[in-house]
Amino acid sequence: MCGIIGVLGTHEVAPVLVDALKRLEYRGYDSAGIATVHNGKLDRRRALGKLINLSDLLVHEPLIGKSGIGHTRWATHGEPTVKNAHPHISGRVSVVHNGIIENFQELLKELKACGYAPTTQTDTETVSMLVDHYLSQGETPLQSVRNCLTKLNGAFGLCFLFEGEEDLIIATRKGSPLAIGYGDGEIYVGSDAIALAPMTDRISYLEEGDIAVLSRSQVSIEDKDSSPANREIRTIRSGSNRFEKDGYTHFMEKEIYEQPSVIAQNLKHYISDTGQITLNGINLDFSSIERITLVACGTAFYACLTAKYWFEKLARIPVDVDVASEFRYRTPPVAANTLAIFVSQSGETADTLAALRYCKDKAAHIWSVTNVTESSIARESDVDLPIYAGIEIGVASTKAFTCQLTVLLTLALKAASDQNQINDHKRHEILSSMQSLPSLINLALNCSENLRFVANELAHATDILFLGRGLLFPLALEGALKLKEISYIHAEAYAAGELKHGPIALIDETVPVVVMAPQDSLFDKTLSNVQEVMARKGRILMIADAKALKDAGQGFWKAIEMPHCHEIISPIIYAIPAQMLAYYTALAKGTDVDQPRNLAKSVTVE
Ligand code: G6P
């Protein structure tokens, strides 16, 4: 979703802004722009589409100045056009914005009455007009921003640049994150630490309602009550190679191949060498937990759905799983002692955060599973369990998903122990199967050539079905989502047993059906469903281990052999072919794998 950058530099700032915007590309965007203030005057350049268009424009029409702001826009209000691209300028104020101003129509009426005429279809322009309005009444920039904030409803990260002020940026947040970076005589602000990484590793994060007044020599922050606030400056691990593709064609490919090592890292934090569950040193006890609510969006939601099977199977604790956008507005009853777990790669997804706050209000125990320990979701939880996936750049989540699954399985196992639902033998059996995850994933990655071959054919399909049963059903959903996201082929997933209740009507020789069916306790049932598809000329792509493939006999369109694994970890192993199938299909179609159309990595609007 929209990316923000602001720099008070010691050199020309345009190349620095564009470079930072490149590092924010992964969030998803449809247009980009930068503004500077030079010799007291505001000026800007904006371009539709990829950043290369903005860079080209800057070659022909350079932008001078050592102070500037920049933006990658993911359209919400108003189509992607140059006019609607940020930064917006109204009078003496330029602004970039991430989020939504919900009452902008109302504000627009008031502004029109004051003589302002909007030049865009965006909600954001009301913000620059409002601040300009207060400036023209003689207020200081800070007071103008303060006044403006009292009028805004919605979620925002905002960054302002002012005419005549070459040593001033004002940044404020409510809902959308902003990080301040401290350099050598320079100051930066950005949507996240990734944007600032090559410039500085000294970062502080703004909290809800903070206003930061930045100059090259000083940063002063006031909190939502206008009291001075101190936000700790931390040194973050930068390591610029984390933002390189390291020889891979796409970040998604790199991240798929990183899974053995990041999962090994993850296991180190959650399970000791001697096979004890250590939970990252956090003392958690499930013995009095009677019910668990899991809430998330997108891929993280499918991780939660898988975890439901684990918690219920292993720990016998009933689990409710919800999509955050539905949960928050359904106003479900939440008993005070409910354990609510929020799963989010970014830790900033607006709906998940709102659902968390809803539960917090009801005095539930709030845990989160995130990939960003400084994120809003991690910080607002009673307990945050990091997934140690490392930065994930590809919009389609891969390594974060398998790391989320690994943490959630460890939690389910701990819950099973605390609830006396598992004996030592069984626990050790599962823990040792988890220890073998990195090597099994390596074996699964070896199927890449076969998958690439199949994907070249899948790329011609217009509809694809995914089937799975039990623990493999949520994975079928994830497989279909991955394929849709990056190849733009329509894909749907069903619980294999549900097929005959409707979707079987879709089956003919043109619809490939991807079946993920390890030799587990439900294999025979799945196989019956596969036969039903084949009897109707359906083309089955069977992804299964050697024994399952042998037992299943002939007649498949294609078969991919997976390593044999313990049933309980099969969703983690089978995630690999699901991801690679999507990746290679997208490659065959020539789509933009790392930044698929219309999608954003971190969805900070509802
Ligand atoms: C977006 C991303 C998905 C992600 C979802 C939830 O839609 O494109 O890949 O699964 O948000 O994100 P989160 O950061 O909360 O896991």
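## Cavities and ligand site

There are two cavities of 30 Å³ or more in this structure. The model is predicted. The ligand sits in the second largest pocket.

**Largest cavity**
- The largest cavity holds about 60 Å³ of space.
- Its lining consists of C2, R73, W74, T76, H77, H86, H97, G99, T122, D123 and T124.
- By class, this lining splits into two nonpolar, seven polar and two charged residues.

**Second largest cavity**
- The volume of the second largest cavity is about 30 Å³.
- R469, L472, M516, A517, P518, D520, L522, F523 and T526 form its lining.
- Six of these lining residues are nonpolar, one is polar and two are charged.

**Shell around the ligand**
- The ligand has 14 residues around it, and S344, Q345, S346, T349 and A600 come nearest.
- Sorted by class, the shell has five nonpolar, seven polar and two charged residues.
- Helix α9, residues 298-315, gives the most to the shell, with three residues.

- In the side chain of S344, an N or O atom is 2.6 Å from an oxygen atom of the ligand.
- A600 places a backbone N or O atom 2.9 Å from a ligand oxygen atom.
- At T299, a polar backbone atom is 3.0 Å from an oxygen atom of the ligand.

Notes:
Residues numbered from 1 in each chain as written. Predicted model: local features only at pLDDT ≥ 70, side-chain atom pairs only at ≥ 80, totals over all residues. Heavy atoms only, no water. Near = heavy atom within 4 Å. Polar contact = N/O pair within 3.5 Å; in protein donor to acceptor, adjacent residues only side chain to side chain. 1 Å grid on protein atoms, 1.4 Å probe; cavity = no way out; pocket = protein on both sides within 12 Å on 5 of 7 lines; lining within 4 Å. Sits in = over half its atoms within 2 Å of the grid points. Helix = DSSP H or I, 4+ residues; strand = E, 2+ residues; numbered from the N terminus. Nonpolar A, V, L, I, M, F, W, Y, C, P; charged D, E, K, R; others polar. Points joined across faces, edges and corners; volume = space filled by probe spheres on them.
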